[in-house]
Amino acid sequence: MFNNKTSGASNSLIEHAAQSADAALHTTQRVANEAMAGLSHSLQAANHQVRESMHQATDKTVGYIRKEPVKAVLIAAVAGVAVTVLLGIFSRPRRLH
């Protein structure tokens with residue numbers, strides 16, 4: 001008789017633990033899905049903002065080139081020389097003394 005009561009209590013405890021674990025798993029899945037949806041929305045908003053900023057920068061650059069074509073070419077030439085010089089400096093083999 002004592003074994004039947006102990007066995008029944010153990011089974012009840014195991015069943016309760018299994019139900020609690022199942023509920024915790026479902027809650028975790030729901031929270032993870034909500035977090036992923038929020039992250040996806042945030043990434044889409046950031047992507048849209050970056051694209052809009054790039055579009056505005058492109059429009060401003062084209063406008064500046066149309067307004068000041070000679071100055072724009074000179075700035076591009078100076079930038080090209082600066083990049084070439086920097087690449088030359090950083091691509092030289094290093095000498096250890």
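Mentor: A patch is made of residues with over 30% relative accessible area and no salt bridge, where like charges are joined within 9 Å and nonpolar side chains (Val, Leu, Ile, Met, Phe, Trp, Tyr) within 5 Å. Areas come from the Shrake-Rupley method with a 1.4 Å probe, and for residues only the protein chains shown count as cover. The model is predicted: local features need pLDDT of at least 70 and side-chain atom pairs pLDDT 80 or more, while totals for chains, interfaces and linings use all residues. Residues are numbered from 1 along each chain as its sequence is written, and side-chain values use heavy atoms, without hydrogens and water.

The part to look at is a nonpolar surface patch formed by Val81, Val85, Leu86, Ile89 and Phe90. Together these residues have about 480 Å² of accessible area. Val85 lies in helix 2, which covers residues 69-91; helices here are DSSP runs (H or I, at least four residues; strands are E, at least two), numbered from the N terminus. Val85 has 45% relative accessibility and therefore counts as partly exposed, a class between buried (under 20%) and exposed (over 50%), with a 1.4 Å probe and protein chains only.

Pro69 also belongs to helix 2. Its relative accessibility is 45%, so Pro69 is partly exposed. From Pro69 to Gln19 there are 50 residues in sequence, and their C-alpha atoms are 73 Å apart in space.

Now to the other helix. The chain has 2 helices and 0 strands. Glu15 sits in helix 1 and is partly exposed, at 45% relative accessible area.

The structure has 1 salt bridge, meaning a side-chain nitrogen of Lys or Arg within 4 Å of a carboxyl oxygen of Asp or Glu. The salt bridge joins the side chains of Arg30 and Glu34, at 3.3 Å from N to O. Both residues are in helix 1 (residues 2-67), and because they are 4 residues apart, about one helical turn separates them. Glu34 is partly exposed at 48%, and Arg30 is partly exposed at 44%.

As for the whole chain, the C-alpha trace spans about 100 × 50 × 10 Å along its principal axes. The radius of gyration, taken over C-alpha atoms, is 33 Å, whereas a compact globule of 97 residues would have one near 13 Å; the globule rule is 2.2 Å times the number of residues to the power 0.38. Buried residues make up 1% of the 97. The chain exposes about 9,000 Å², and carbon and sulfur atoms supply 65% of that area.
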